[in-house]
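Subject: The structure, and what turned up in it

Hi,

Here is the structure for you to open alongside this email. Please have it on screen while you read, as the notes go residue by residue.

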Amino acid sequence: MRFSTYITDGETFYGAITDAGAICLSPLFPEWPTLYDAVAANGLDTLSAAAQGRPVTHASFSYEMVLPNAPRILCVGVNFPDRNAEYKDGSAQPEYMSLFPRFASGFTGHDRPLIRPPENHTLDYEGEVAIIIGKEGRRIRAEDAYDHIAALTLCNEGTIRDWVRHAKFNVTQGKNWDRSGALGPWLVPFRNASQLDEARIITRVNGEVRQDDYLKRMMFPVREEIAYISTFMTLMPGDIIVTGTPTGAGARFDPPRYLKPGDVVEIEVDGIGVLRNGVEDEQ
C-alpha cells in the first residue's frame with residue numbers, strides 16, 4: 001500500500017495510490033486533516049484497511065510534497081565513504097555524522113519541476129531514501145531503531161551548491177531554496193528490515209546513471225542515525241530523516257554538471273518506487 005498527498009481541481013487530499021489512480025481517504029478521517037496527522041496518530045494501518053475494496057476516486061491529479069506540513073526534516077550529510085573522498089580535503093572518515101535542517105517549503109512533489117533560482121545556477125541533485133518516524137522516542141538504542149519507523153519515501157535533496165559555501169559552519173542557506181528539492185511520490189509502510197538493509201539507490205539524469213549504491217555501505221546506517229539524533233532530541237511521529245546520498249552528484253564532476261531547465265532527474269529504489277522531477281527556471 002502506498003499513500004500520498006495530492007492535488008486535483010485546486011483541492012488537496014491524501015489517499016492510497018494504485019496503478020489506476022488515487023483512492024481518496026482524507027474525507028473519511030476528519031480527525032486527521034492531513035497525511036502528517038495520520039502518521040502522527042499511527043494511522044497508516046487504519047488507512048490501509050479503509051482503502052481495501054474502495055474504488056479509485058481520482059484518475060488525474062498532481063502529487064504534492066508527500067508531507068507538506070512536516071515540521072521537522074533533518075538531513076544526514078556526506079554519509080557514503082566515497083562521498084567523503086569527493087571533497088578532496090584529505091580528511092579521514094568522520095567520527096560523527098553531519099546534520100542540517102531542511103524545511104517543507106524547499107520541496108515539491110513527484111512529476112513537478114525543481115526550481116532553479118535566478119540568483120544562482122548551481123542547482124544540484126542528491127538521491128536519497130527518507131524515513132518517516134512513527135513512534136516517539138528519546139535515546140533510542142540502535143538495535144531498537146527500526147521499531148520507530150512508520151514509512152519510507154524518496155528524496156531529491158536538491159542543493160544550490162554555491163550557497164552552501166557562504167558560511168563556515170552551516171549549509172542551511174544552500175539547502176532550503178523554495179521547491180529546489182522533492183519528497184515523494186508516496187509513503188511506503190515500513191514492514192521489515194530488508195526494505196533498508198538491502199536497498200539499492202539509483203539516480204539518473206536524462207537517463208544517464210549518476211549515482212548507484214547500496215544503503216548498507218553508509219558510514220552511519222539508519223539505525224545509528226536514529227540512535228544518534230534521538231540522543232539530543234526526542235523524535236516524534238511525522239519527523240523525517242533524509243539518510244544520505246551516494247557519490248556522483250553534479251558538483252563532483254570536472255567540470256561540474258549542474259541541472260538546467262529541461263533536465264529530468266529520476267531517483268529509484270526497489271520496493272519504494274521512482275521519484276521523477278524536471279527542472280525549470282523560476283518565473
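Below are the notes, going from the cores and helices to salt bridges and backbone details.

First, how to read them. This is a predicted model, so to speak of local features a pLDDT of at least 70 is needed and side-chain atom pairs count only at pLDDT 80 or more, while totals for chains, interfaces and linings use all residues. Residues are numbered from 1 along each chain as its sequence is written, and side-chain values use heavy atoms, with hydrogens and water left out.

**Cores**

The largest nonpolar core has 49 residues, and those with the most contacts inside it are Ile131, Ile149, Leu196 and Ile226. Here a nonpolar core is a set of buried Ala, Val, Leu, Ile, Met, Phe, Trp, Tyr and Cys residues joined through side-chain atoms within 4.5 Å. Buried means under 20% relative accessible area, exposed means over 50%, and partly exposed is in between (1.4 Å probe, protein chains only).

Leaving out residues up to four places away in sequence, Ile149 touches Ile131, Ile132, Gly134, Phe190, Leu196, Val222 and Ile226; contact means heavy atoms within 4.5 Å.

**Two helices**

Helices (H or I, at least four residues) and strands (E, at least two) are DSSP runs, numbered from the N terminus. In α6 (residues 222-232), the buried residues are Val222, Glu225, Ile226, Ala227, Ile229 and Ser230. Their cover includes β5 (73-77), β6, β10 (127-133), β11, α5 (194-197) and β16 (240-242).

In α2 (residues 44-51), Leu44, Leu47, Ser48, Ala50 and Ala51 are buried. Why do they lie on the same side of α2? They cover an arc of only 165° around the axis, the arc being that of the directions from the helix axis to the C-beta atoms. These buried residues pack against β1 (3-8), β2 (11-18), β3 (21-24), α1 (35-40) and β11 (149-156). Just after α2, Gly53 takes a positive phi of about 80°.

**Salt bridges**

A search of the whole structure finds 21 salt bridges, each being a side-chain nitrogen of Lys or Arg within 4 Å of a carboxyl oxygen of Asp or Glu.

- Asp19 and Arg2 meet at 3.3 Å, N to O. Asp19 is exposed, with a relative accessible area of 79%.
- Asp45 pairs with Arg191, with their closest N and O atoms 3.1 Å apart. Asp45 counts as partly exposed at 48% relative accessibility, and Arg191 as exposed at 53%.
- Glu157 and Arg102 meet at 2.6 Å, N to O.

**Backbone details**

Where are the cis peptide bonds to look at? One joins Gly184 and Pro185, with omega about 0°, and Pro185 is in strand β13. Another joins Asp254 and Pro255, again with omega about 0°, and Pro255 is in the loop between β16 and β17 (264-269).

Arg139 has a positive phi of about 55° although it is not a glycine. Arg139 is found in the loop between β10 and β11 and is exposed, with a relative accessible area of 55%. Phi of Arg179 is also positive, near 55°. Arg179 is in the loop between α4 (172-175) and β13 and is partly exposed, at 42% relative accessible area.

Happy browsing, and write back with any questions.
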